[in-house]
Amino acid sequence: MTARRPCPSAPGPLEGYAAGFDDLFASLAQRRGFREYLTGLLTPGDRNKTLTCLAGAEPVVGARDPAVQRLQFFLSESPWDAGQVNARRLELLREQPETAPHAGGVIVIDDSGDRKEGTATAHVGRQWLGRWGKTDNCIVTVTTVWTDGRVYYPLHAQPYTPAHHFARGQRDPAFHTKPQIAAALAARSKEAGFACRAVVADCAYSASDTWYDALREADLPYVVHLKPHRGTWARADQPHTPIDAARALAGTDPDHPGDWTPVERRFRDGHTETWWAADARLGGWGPDSPVRLVVATTDPGTLPEKATWYLATNLPHPASPHATTSTHPSAGLAEIVRLYGLRPWIEQSYKQIKDELGWADFQVRSARAIKRHQTLVNCAFSFCWDQWFTPPGPLDTTAPDPCPDDRTERGQSHAPPAPTALLAQGLTRRPGMAHPRHHPATLVAGMDRQGSTRRTTSPDRRGHHRQTPRSLPPNLTNYR
């Protein structure tokens with residue numbers, strides 16, 4: 001058998017990570033393209049990470065550069081399987097003790113919308129764009145994320161295809177709603193070996209019976225947020241909405257708790273807050289039913305809109321008859337609140353890191369190329385964790401902890417050791433490894449390459465129309 005031709009090495013420790021995927025690529029060009037694409041994604045820049053940016057070429061006029069054309073062919077035409085690459089990425093995460101999944105974590109379901117112009121791109125259409133709170137021309141991708149409050153990383157991603165892309169619209173057998181896609185991804189995560197305490201989702205998925213049915217068929221527990229005014233059938237003298245059920249509970253303040261139980265929540269910066277939780281009754285839901293309604297709030301008396309959760313879960317109450325027959329371990333109020341409290345990771349760091357790595361910056365039209373770009377971004381994301389847990393090296397033994405007071409946002413886990421590796425040893429202008437727990441402003445600050453093209457604001461960026469939403473102050477959001 002002819003020996004494989006050696007591939008030019010990626011900078012620093014990225015080569016060791018990329019080498020773990022080499023057997024999935026049949027040619028030298030594919031192995032080189034994989035390294036060049038990841039290097040470009042991990043390199044900080046002040047313009048969108050289009051192919052010209054990843055190749056270090058000038059925008060627009062550099063589109064015909066050979067390096068750009070190689071990446072274009074690698075992304076759109078080269079015969080490699082994105083599914084196999086993602087499976088290998090997940091295998092590497094499972095094998096590393098620090099990122100290995102365990103039964104105490106959760107699988108978070110979310111969708112990410114990104115604006116796109118035109119109508120010729122796969123999956124594009126006018127649909128709800130949660131990032132901006134309006135309907136716009138965009139691509140929405142349903143994703144699953146595993147987290148335990150200490151680490152978090154993407155599992156699977158599937159773009160949602162609007163009904164107008166199908167010949168028979170919503171009646172077409174190939175059409176799938178976002179809840180259907182989400183349930184299928186959660187089941188696939190379980191099959192891939194990612195154990196979890198529950199599947200967690202916000203209220204966008206709570207109204208889909210198909211979503212609940214698919215999770216029950218896959219034997220997955222769930223904790224999902226309900227809209228406070230979502231109505232249900234009940235007797236005239238009984239509550240008809242989650243907020244009515246919460247108001248029917250006895251107790252209004254710490255001195256008169258009634259049905260409410262204090263629950264302590266611990267946040268990343270070390271401070272704690274006392275919330276109040278209770279099992280409520282709504283229709284057929286209750287503490288002694290297969291599905292429970294748990295209400296958690298900072299103030300039982302006023303039930304503030306931004307700091308009150310209405311959670312439906314099939315995790316049985318410890319004192320319920322279903323606790324002995326259910327396939328899922330029972331969960332008390334504190335555990336239910338802890339599980340849903342892990343969901344804000346995707347709002348405070350995960351989405352911003354994906355943006356920093358170029359999640360929405362692709363300029364390709366085919367479904368295959370879009371899927372490949374998203375897979376490669378997830379590989380770059382996982383590489384950051386790989387290096388965060390890398391033992392100290394001889395060149396970086398005195399590196400200070402970039403976040404010495406960083407503690408887990410949920411639970412009592414300890415922060416991992418400080419990053420110690422360089423992406424391109426001897427070449428980087430600013431030493432240090434990307435810290436996946438930091439906010440995007442410093443995420444890839446240490447991954448710059450020497451001699452890259454000056455990245456000024458370009459037509460690539462002007463045409464993309466992507467902005468960074470301003471963060472809300474803490475008192476206006478419950479994403480803590």
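You are looking at a predicted model, where local features need pLDDT of at least 70, side-chain atom pairs count only at pLDDT 80 or more, and totals for chains, interfaces and linings use all residues. Residues are numbered from 1 along each chain as its sequence is written, and side-chain values use heavy atoms, leaving out hydrogens and water.

The structure holds 22 aromatic pairs (Phe, Tyr or six-membered Trp rings with centres within 6.5 Å; planes under 30 degrees apart are stacked, over 60 edge-to-face, the rest tilted). The Y17 and F383 rings have centres 5.5 Å apart and planes at 55 degrees, so this pair is tilted. Y17 lies in helix 1 (residues 14–19) and F383 in helix 11 (residues 367–388), so the pair ties together parts 366 residues apart in sequence (helices are DSSP runs of H or I, at least four residues; strands are E, at least two; both are numbered from the N terminus).

Now select W146 and Y153, a stacked pair with 5.8 Å centre to centre and 20 degrees between the planes. Both are buried.

Last stop: L311, in strand 10 (residues 308–313). Its C-alpha atom is separated by 4.6 Å from that of H225, 86 residues apart along the chain. Leaving aside residues up to four places away in sequence, L311 touches several residues, including V223, H225, L293 and Y340 (contact means heavy atoms within 4.5 Å).

Notes: Buried means under 20% relative accessible area, exposed over 50%, partly exposed in between (1.4 Å probe, protein chains only).
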